[in-house]
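Dear colleague,

Please find the structure below, with its sequence. My notes on the findings follow it.

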Amino acid sequence: EVRAIMLGQVEDDMKRFFCDKCGKCCEKLPALVIDPGLDDGTGKCKFYDSQTNLCTIYDQRPDICNVDKMYSAFASLMSYEEYIDMNYYFCTKLKEV
């Protein structure tokens, strides 16, 4: 039951990625392979608001910042469930850095 909650299990039994809005992926761009044009020069995303831990352009954010949209780049390599697991794994690792 706890694992299902952690993995974002929903009623239709399809895994989903639920962001807890910690901001770590936006604060640690050098730890990620992400578009260098997003870096504000300090390693943080230039669109990240550290007061709210939210993206200031969320509705227009780049695809690299959108878990669902990025799946197409991995679809030939893994299932959607594996992809979501991978995202949770790296999310956890970013919080440890």
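The largest nonpolar core has nine residues: Phe17, Val67, Met70, Tyr71, Met78, Tyr80, Tyr83, Ile84 and Tyr88. A nonpolar core here is a set of buried Ala, Val, Leu, Ile, Met, Phe, Trp, Tyr and Cys residues joined through side-chain atoms within 4.5 Å; buried means under 20% relative accessible area, exposed over 50%, and partly exposed in between, with a 1.4 Å probe and protein chains only. Helix H3 (67-70) and helix H4 (80-96) are the elements that give two or more residues to this core, and H4 gives the most, with four. In soluble globular proteins, nonpolar side chains tend to be buried together.

Please note that this is a predicted model, in which local features need pLDDT of at least 70 and side-chain atom pairs count only at pLDDT 80 or more, while totals for chains, interfaces and linings use all residues. Residues are numbered from 1 along each chain as its sequence is written, and side-chain values use heavy atoms, with hydrogens and water left out.

A second, separate core of five residues includes Cys26, Leu38, Cys45 and Tyr48.

Why does Asn87 count as buried? Asn87 counts as buried because its relative accessibility is 19%. Asn87 is found in helix H4 and touches Phe17 and Val67, not counting residues up to four places away in sequence.

As to the overall fold, the chain has four helices and two strands, which run α-α-β-β-α-α from the N terminus on. Helices (H or I, at least four residues) and strands (E, at least two) are DSSP runs, numbered from the N terminus. Of the 97 residues of the chain, 25% count as buried. Among the contacts with a separation of 6 or more, 42% come from residues 24 or more positions apart.

Finally, a word on confidence. The chain averages a pLDDT (the predictor's confidence in each residue, from 0 to 100) of 83, and 84% of the residues score at least 70. Confidence is highest in strand S1 (residues 48-49), at a mean of 96, and lowest in helix H1 (residues 2-6), at 44. Over residues 1-12 pLDDT stays under 50, and the model has 16 contacts beyond four places in sequence for them. Where pLDDT is low, the predicted coordinates should not be read in detail.

Yours sincerely

Definitions and conventions. Contact means heavy atoms within 4.5 Å.
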